[in-house]
Amino acid sequence: NQLDNTKLSTFAKRLVLSSNNYKEDNLACFSVLGSRVQMGILERFDDCSSVVSNGYACLVNFGMQENKKLSPSAYVNFMPDPAIAALAMCYMTTNCGGKYGIVGSPRNWWVKKATEAFKSRLCRPEKGNAGEVFVALYLLFCGDILREQHNEQDLSTFSVPLQDWVHLLTTGGEATNKHEEGTTPRKEDQEAKGSSKRVFASTDGKQKENPKKKIRYSTRLNTQQQEKNSKQDSNSKMSVSFIQICRNYLRSNSFCCEKVLEGLYKSGIGMFTYPNCKAFDFVASIRATSSDGSVSYHPLLVSVKNWWTVVTSNVYDWKTDMEKLLKDMRGENKSNKTPAACCLIFLVGCHKPPDLDNNQFGTTLENFPQEDFYRFICIPEKDKFGVTNAIVELGCASEVAEVYASHAFLANEESSSTKSLLRSKTNIEAKVGELLKAMKQET
């Protein structure tokens with residue numbers, strides 16, 4: 001039973017809480033964002049009531065306050081719903097959704113709306129840190145770009161080629177050459193779309209970059225790596241499928257269970273792990289189809305670090321944590337068959353990414369899915385969606401507070417440069433520098 005366009009248009013209208021101008025309605029924007037990533041906890045009871053009664057949020061907790069004059073406490077959640085997530089995806093682009101009555105907005109605009117939601121205290125991140133929310137948007141947007149490249153007017157294809165997607169992640173969402181902007185359709189993987197899903201295999205282009213001994217956060221694929229990718233691609237076709245990321249509080253650690261992974265893949269859903277999970281923040285599913293037609297599912301495990309300063313040893317420690325948890329999970333699995341994992345460590349908001357040894361982290365998927373794959377990715381300062389800028393902007397208030405709190409100590413400072421008194425790099429350096437200079441003159 002397929003949904004017709006009229007019903008989907010009705011769903012699309014409800015997604016923005018029936019607002020006539022969702023761009024001016026912060027709660028309507030929250031509803032769209034929350035349908036793809038869990039934005040966090042709404043602060044006001046009235047807002048909770050509105051997104052439940054007028055939108056697709058679900059009430060999962062309710063309680064009366066001891067003081068009866070205060071509003072009740074409520075907690076809402078956006079449940080897995082690929083149809084609604086696909087409509088939200090259409091709102092997050094200017095090229096699709098017209099037949100559903102959707103007038104979309106650019107992805108960087110949505111990142112700004114997410115920033116406003118946190119700055120205005122409309123909501124607060126569940127884990128106290130917005131890093132995982134913005135990285136989740138970054139992962140989804142890179143997938144959306146690949147879906148758009150195949151002229152999918154309704155973005156109904158959920159799965160995208162794993163290699164192409166990982167490459168976009170490393171370049172800030174920017175294609176590095178024209179050849180990568182076009183990809184060739186495959187007729188495989190019918191499960192990854194609502195009614196007639198398909199996956200697209202990439203056409204690798206050759207680049208004239210020289211191999212580097214060290215891996216930086218935006219390393220491009222060189223010619224030698226392209227050849228390795230082609231060799232790997234001849235043995236198996238791999239795709240990743242998720243268009244929304246939902247909360248899963250279960251402590252089952254079933255990330256390596258193929259039954260769970262198959263369900264995630266076919267439904268186009270990723271999930272945030274339970275609070276205080278040792279090494280991972282997101283889980284999604286990868287499907288590998290070998291040359292003989294056999295299919296296997298593998299976990300995509302993502303760790304997010306929102307750190308300003310990072311040294312090489314920190315990254316190796318994060319990788320070790322991943323390896324230990326994977327070992328523990330595989331030990332709990334009584335079956336001898338546990339699929340190899342693709343593990344990505346994301347660093348966001350860091351002003352100076354560390355250099356890493358080639359032997360510790362991979363640059364290609366040559367040996368995956370036969371072996372575990374680890375990749376460290378630092379989202380560039382000027383990514384296509386403004387994710388890094390959003391993270392830094394959310395830290396502006398704390399930096400200004402630091403300047404005011406240190407006011408009493410400025411009188412005895414002999415530094416001729418106010419810049420040397422601040423954090424080494426920030427997008428509000430000029431603003432804070434002027435403030436600090438003025439305060440120093442006052443003393």
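S18 is partly exposed, with a relative accessible area of 44%; in the scale used here, buried means under 20% relative accessible area, exposed over 50%, and partly exposed in between, with a 1.4 Å probe and protein chains only. This is a predicted model, in which local features need pLDDT of at least 70 and side-chain atom pairs count only at pLDDT 80 or more, while totals for chains, interfaces and linings use all residues. Residues are numbered from 1 along each chain as its sequence is written, and side-chain values use heavy atoms, with hydrogens and water left out.

S18 is placed in the loop between α1 and α2, where helices (H or I, at least four residues) and strands (E, at least two) are DSSP runs numbered from the N terminus. The phi of S18 is near 60°, a positive value in a residue other than glycine. Most residues other than glycine have a negative phi, and most peptide bonds are trans. S19 also lies in the loop between α1 (5-15) and α2 (26-34), and at 13% relative accessibility S19 counts as buried. Apart from residues up to four places away in sequence, S19 touches K13, D25 and A28, a contact being heavy atoms within 4.5 Å.

Two further backbone features deserve attention. N276 has a positive phi of about 65° although it is not a glycine. N276 is found in the loop between β11 (269-272) and β12 (282-290), and it counts as exposed at 74% relative accessibility. The peptide bond from F368 to P369 is cis, with omega near 20°, and P369 belongs to the loop between β15 (356-357) and β16 (373-378).

The chain as a whole contains 14 helices and 16 strands. Of its 443 residues, 52% count as buried. The accessible surface comes to about 20800 Å², of which 47% belongs to carbon and sulfur atoms; these areas come from the Shrake-Rupley method with a 1.4 Å probe, and for residues only the protein chains shown count as cover. Among contacts in the chain with a separation of 6 or more, residues 24 or more positions apart account for 69%.

The interior can be followed through its nonpolar cores, each a set of buried Ala, Val, Leu, Ile, Met, Phe, Trp, Tyr and Cys residues joined through side-chain atoms within 4.5 Å. The largest nonpolar core has 88 residues, and those with the most contacts inside it are M39, F134, L139, W165, L300 and F346. Helix α6 (residues 131-148) gives the most to this core, with 12 residues. A second, separate core of 29 residues includes C246, F255, C256 and Y274. Returning to F134, its contacts, not counting residues up to four places away in sequence, are V111, A114, T115, F118, V387, A390, I391 and L394.

Helix α6 is mostly covered, as 18 of its 18 residues are buried. At 1.5 Å a residue, its 18 residues should span 26 Å, and the end C-alpha atoms are 26 Å apart, which agrees; the expected span is 1.5 Å times one less than the number of residues in the helix.

D144 is placed in helix α6 and is buried, with a relative accessible area of 1%. Beyond residues up to four places away in sequence, D144 touches R36, M89 and R107. The C-alpha atoms of D144 and M92 are separated by 8.9 Å, although the two are 52 residues apart along the chain.

R36 lies in the loop between α2 and β1 (41-42) and counts as buried at 1% relative accessibility. Leaving aside neighbours within four places in sequence, R36 is in contact with A85, A88, M89, M92, L140, F141, D144, R147, I243, Q244 and I245. R36 and I245 are 209 residues apart in sequence and 5.9 Å apart in space, C-alpha to C-alpha.

Aromatic rings complete the description. Rings of Phe, Tyr and Trp (its six-membered ring) pair if their centres lie within 6.5 Å; planes under 30 degrees apart count as stacked, over 60 as edge-to-face and the rest as tilted. By this rule the count comes to 17 aromatic pairs, and ring pairs link Y22, Y91, W109 and W110 into a cluster. A charge sits over a ring if NZ of Lys or CZ of Arg is within 6 Å of the ring centre and within 35 degrees of the ring normal. R14 lies over the face of Y56, at 5.4 Å from the ring centre, and R247 lies over the face of F272, at 4.2 Å from the ring centre.
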